[in-house]
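Hi,

Here is the structure I promised to pass on to you. Please open it next to this email, and then read on for what turned up in it.

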Amino acid sequence: MPKVAVAPKTGARRRARRGPTPAEALYLPDLEYLKNLQLPEGDGEPLESDWHVVQIWLLNEVVDQLFKGRTDYFCSGNMFIYYSLEQAQSVIKGSPLYKGPDFFLVKGVDGTKPRKSWIVWEEQGKYPNLIIELLSPSTARKDQGENKRLYAKVFRTPEYFWYDAFSGEFAGFCLQEEEYAPITPNEQGWLWSHQLGAYLGVWEGVYHRRVYRWLRLYTAEGELVPTDRELRQQALQQAEAERQRAEAERQRAEAERQRAERLAQRLRELGVNPDEI
């Protein structure tokens, strides 16, 4: 049987009064035992719908755009999160107590490190700073109940959002003590995320040839955080606008040259040398 990590006695009474931290609350064996666990990377089950798949792509893309140039964060979707021995063993047995969120963000980590799953005890005890669940009829009840409690009381994730593109339900919460308090939407219905430094809001349009009401990011100034394709389109539009301005300037200069030439010709007809004026 694996050994259980025992916390030192110093300050035990103080910890008992305030309650354990997430790391202290975990029933974890020693690291050597954990390293030998064969943790599945996925369960082979498809996501709920095409929208779920593509929405995760979109969230990954716009968060990368928002944090462009940074490597101190990791974001992903539809990835297992392992946080305790009991939960890990339940996954290994094929009846997972918990798999992972649809989308999550962890800050203050090496974002260049390849990962096939998020294993808390291999990440210095770090849990997600932000979680987004994409609701569906089969998952909404768990996401709004059991998972919400897990994220608040065990993960202590500072911000939690959920969104359903088909019903339009969109809500966000920030952690206060061990409970989530609703985030008040602005006039546009967007929800501010301190973890992102941006708003989460609903945008209707085309992404990867699909038309849905997508969950997108907006800057503090209200600008939509663009995708790579939108950035390229903006660059093309800017280049075309510059070309049109240059062409307009060329035509103006040519018109001015022709006007000056006509005036000079008229002066010559009158016997006046325009070069001597």
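**Salt bridges**

The side chains of E204 and R213 meet in a salt bridge, with 3.8 Å from N to O. The term stands for a side-chain nitrogen of Lys or Arg within 4 Å of a carboxyl oxygen of Asp or Glu. E204 counts as exposed at 55% relative accessibility, while R213, at 41%, counts as partly exposed. Here, buried means under 20% relative accessible area, exposed means over 50%, and partly exposed is in between (1.4 Å probe, protein chains only).

Before you go further, please keep in mind that this is a predicted model: local features need pLDDT of at least 70, side-chain atom pairs count only at pLDDT 80 or more, and totals for chains, interfaces and linings use all residues. Residues are numbered from 1 along each chain as its sequence is written, and side-chain values use heavy atoms, leaving out hydrogens and water.

How many salt bridges does the structure hold? There are 14. One of them joins K153 to E179, where the closest N and O atoms are 2.8 Å apart. K153 lies in helix α7 and E179 in strand β8 (residues 179-182), so this pair ties together parts that are 26 residues apart in sequence. Helices (H or I, at least four residues) and strands (E, at least two) are DSSP runs, numbered from the N terminus. K153 is partly exposed at 36% relative accessibility, and E179 is partly exposed with a relative accessible area of 48%.

E269 and R266 both lie in α8, three residues apart, which is about one turn of the helix. The closest N and O atoms of E269 and R266 are 3.4 Å apart. E269 is exposed, at 53%, and R266 is partly exposed, at 47%. Elsewhere, K113, R115 and E123 are linked in a network of salt bridges.

**Rings**

A search of the whole structure finds 26 aromatic pairs. Rings of Phe, Tyr and Trp (its six-membered ring) pair if their centres lie within 6.5 Å; planes under 30 degrees apart count as stacked, over 60 as edge-to-face and the rest as tilted.

Why does the pair of Y83 and F155 count as edge-to-face? The ring centres of Y83 and F155 are 5.2 Å apart and the planes are at 70 degrees, so the pair falls in that class. This pair links distant parts of the chain: Y83 is in the loop between β2 (81-82) and α5 (85-92), F155 is in helix α7 (residues 146-155), and 72 residues separate them. Both Y83 and F155 are buried.

The rings of Y98 and Y151 have centres 6.1 Å apart and planes at 80 degrees, so this pair is edge-to-face. Y98 lies in the loop between α5 and β3 (103-107) and Y151 in helix α7, so parts that are 53 residues apart in sequence are tied together. Y98 and Y151 are buried.

K148 lies over the face of F173, at 4.1 Å from the ring centre, and the charged end of R115 sits over the ring of F74, 4.8 Å from its centre. For this, NZ of Lys or CZ of Arg must be within 6 Å of the ring centre and within 35 degrees of the ring normal.

**A look at helix α5**

The buried residues of α5 are L85, Q87, A88, S90 and V91. Leaving aside residues up to four places away in sequence, Q87 touches I81, Y82, L97, Y98 and K99; contact means heavy atoms within 4.5 Å. Just after α5, G94 takes a positive phi of about 90 degrees.

**The chain as a whole**

The chain has eight helices and 11 strands. Of its 277 residues, 40% are buried. Among contacts with a separation of 6 or more, 59% are between residues 24 or more positions apart.
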